[in-house]
Amino acid sequence: MYKKFFNFKMKPFELVPNPAFLYMSRTHRRAMYYLDYAIKERAGFILLTGEVGSGKTTLIVDVINRLDKTATLAKIFNTKVNSEQLLAMINDDFGLDARGKDKVSLLKDLNDFVVEQHAKGNNPVLIIDEAQNLRPDLLEEIRMLSNLETDRAKLLQIVLVGQPELREIISVPGLRQLRQRISINCSIYPLTREETLEYILHRLEVAGNRDAVMFDDGSIDVIYQHCKGIPRLTNILCDFLLLTACNEERREVDAAMVNDIAKDLDFESLYWGKLDSPVKKTIDYNALLNALGIREAGQ
């Protein structure tokens, strides 16, 4: 809608997990380094956590895109399943036939597969996103999969990706063995105020026009106040800001505009769950988000 006005090649603040837009904050860069190291060195169990909308999925997509040709990948995004369903999804994503097989058969097939891959010099990698939805008994079963190893290397690299509550889940006494298996442990934290500005300018540049609109210091302060360093929320707010600037044929964003848009969106109530907000919604924001092409996904 505003691409032509600002001379963008693409919309800068869409919510799809596009690695081209990945902004490497200090904690994103550290997490990327740890993930790359762990996978290449076959470290075994890897844990990555971060708040909703912090960019975990975008980071994982970038890691996947940079895996070398020896990596054999399985990705699991649906974690509200039972034990057999989880194993079936893992095997299926590795390209194994899982139809109509019981748990014992699924485990045997997976074991044979990773042994075969190791013999070929390949590195099977299992990435489980939204892992905070896994029940403790399923986490324990995943821990058992990490027992697939030789005396020199792990046969299966397991990356658990989830929200911060995943750390609380695995802290229960019954998952002590799982905790001890985690060799690489990293977190993504919200952006700082300075990183928020860099993040916005980075996305404008990737979209094709870093100077499309000027965000003054006051506007960045208010954006940070409302979004608290969460990239997804920053995307949502900035998308509406660009839409408004285009409609008003403006090339600058100030604090007053940010406050007006945040008020119109009832930002505190809609995204932070502060139901005591005095602002009344006057439009269907879900419909508006859909109309703008915004959907819940990644950074």
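This is a predicted model: local features need pLDDT of at least 70, side-chain atom pairs count only at pLDDT 80 or more; totals for chains, interfaces and linings use all residues.
Reader: Before we go on, how are residues numbered?
Author: Residues are numbered from 1 along each chain as its sequence is written. Local features need pLDDT of at least 70, side-chain atom pairs count only at pLDDT 80 or more, totals for chains, interfaces and linings use all residues, and side-chain values use heavy atoms, with hydrogens and water left out.

Reader: Thanks! How many residues does helix 9 have?
Author: Helix 9 has 15 residues and reaches 22 Å from its first C-alpha to its last, close to the expected 21 Å. That expected span is 1.5 Å times one less than the number of residues.

Reader: Which residues of helix 9 are buried?
Author: They are E195, T196, Y199, I200, L201, R203, L204 and A207. Buried means under 20% relative accessible area, exposed means over 50%, and partly exposed is in between, using a 1.4 Å probe and protein chains only.

Reader: Nice. What do the buried residues of helix 9 pack against?
Author: They pack against helix 2 (26-40), strand 6, helix 10 and helix 11.

Reader: And where is N209?
Author: N209 sits in the loop between helix 9 and strand 6 (214-215). N209 is buried, with a relative accessible area of 19%. Leaving aside neighbours within four places in sequence, N209 is in contact (heavy atoms within 4.5 Å) with F6, N7, F8 and L204.

Reader: F6 and L204, ok. Which residues touch the most other members of the largest nonpolar core?
Author: F6 and L204 are among them, along with I200, F215, I223, L237 and L241, in a core of 38 residues. A nonpolar core is a set of buried Ala, Val, Leu, Ile, Met, Phe, Trp, Tyr and Cys residues joined through side-chain atoms within 4.5 Å. Helix 9 (193-207), helix 10 (217-227), helix 11 (231-247) and helix 12 (255-264) each supply at least two residues. Helix 11 gives the largest share, 10 residues.

Reader: What does F215 touch?
Author: Not counting residues up to four places away in sequence, F215 touches I200, L204, I220, I223, C238, L241 and V253. There is also a second, separate core of 33 residues, which includes A98, L106, L126 and I182.

Reader: Switching topic: where does P190 lie?
Author: P190 lies in the loop between strand 5 (182-188) and helix 9. P190 is partly exposed, at 35% relative accessible area. The C-alpha atoms of P190 and G229 are separated by 4.6 Å, though these residues are 39 apart along the chain. Beyond four places in sequence, P190 touches E195, K228, G229 and I230.

Reader: Last one! How many helices and strands does the chain have?
Author: The chain comes to 14 helices and seven strands. Buried residues make up 49% of its 299 residues, and the C-alpha trace spans about 65 × 40 × 35 Å along its principal axes.

Key: Helices (H or I, at least four residues) and strands (E, at least two) are DSSP runs, numbered from the N terminus.
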